[in-house]
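Please look over the sequence and the structure first, then read on.

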Amino acid sequence: MPIVEITLIEGRTYEDKSRLVAAVTEAIVSSIKAPREAVRIIIREVPAHHFAAGGVLKGAPPKPS
């Protein structure tokens, strides 16, 4: 059973994630002939201030209220 973990910066819509899951599932099914029902996908969403690229955080933490 293929298990794929995808980490994204939070904020994408349900529809965006649904399209992503469908496309990734199709890629797995077509590339390794895995049964569609055996494909598992885990989406992890992180705040932008918990994600960095090239040594730079992608966002600032929320301001205290």
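Is aspartate 16 buried, partly exposed or exposed? Aspartate 16 counts as partly exposed, because its relative accessibility is 31%; buried means under 20% relative accessible area, exposed over 50%, and partly exposed in between, with a 1.4 Å probe and protein chains only.

This is a predicted model, in which local features need pLDDT of at least 70 and side-chain atom pairs count only at pLDDT 80 or more, while totals for chains, interfaces and linings use all residues. Residues are numbered from 1 along each chain as its sequence is written, and side-chain values use heavy atoms, with hydrogens and water left out.

**Overall form**

- Along the principal axes, the C-alpha atoms fill a box of roughly 50 × 25 × 15 Å.
- Of the 65 residues, 18% are buried.
- Of the contacts (heavy atoms within 4.5 Å) between residues at least 6 apart in sequence, 59% join residues at least 24 apart.

**Salt bridges**

- There are four salt bridges in the structure, each a side-chain nitrogen of Lys or Arg within 4 Å of a carboxyl oxygen of Asp or Glu.
- One of them joins glutamate 5 to arginine 44, with the closest N and O atoms 2.8 Å apart. This pair links distant parts of the chain, with glutamate 5 in strand E1 and arginine 44 in strand E2 (residues 40-46), 39 residues apart. Arginine 44 is partly exposed, at 42% relative accessibility.
- Aspartate 16 also takes part in a salt bridge, with arginine 19 (2.4 Å, N to O). Both residues lie in helix H1 (residues 14-32), three residues apart, or about one turn of the helix. Arginine 19 is exposed, with a relative accessible area of 53%.
- Glutamate 26 and arginine 36 form another salt bridge, at 2.8 Å from N to O. Glutamate 26 is in helix H1 and arginine 36 in the loop between H1 and E2, ten residues apart.

**Nonpolar core**

- Seven residues make up the largest nonpolar core: Ile6, Leu8, Val24, Ile28, Val29, Ala34 and Val39. Such a core is a set of buried Ala, Val, Leu, Ile, Met, Phe, Trp, Tyr and Cys residues joined through side-chain atoms within 4.5 Å.
- E1 and H1 are the elements that give two or more residues to this core, and H1 gives the most, with three.
- Valine 24 touches Val4, Ile6 and Ile41, not counting residues up to four places away in sequence.

- The unreviewed UniProt entry places the feature "active site" at Pro2; UniProt positions follow the numbering used here, feature names are shortened, and annotations may be inferred rather than shown by experiment.
- Proline 2 is in the segment before strand E1 (3-9) and counts as buried, at 18% relative accessibility.
- Leaving aside neighbours within four places in sequence, the contacts of proline 2 include Ile28, Ala34 and Val39.
- Proline 62 is in the segment after strand E4 (56-57) and is exposed, with a relative accessible area of 64%.

Notes
Helix = DSSP H or I, 4+ residues; strand = E, 2+ residues; numbered from the N terminus.
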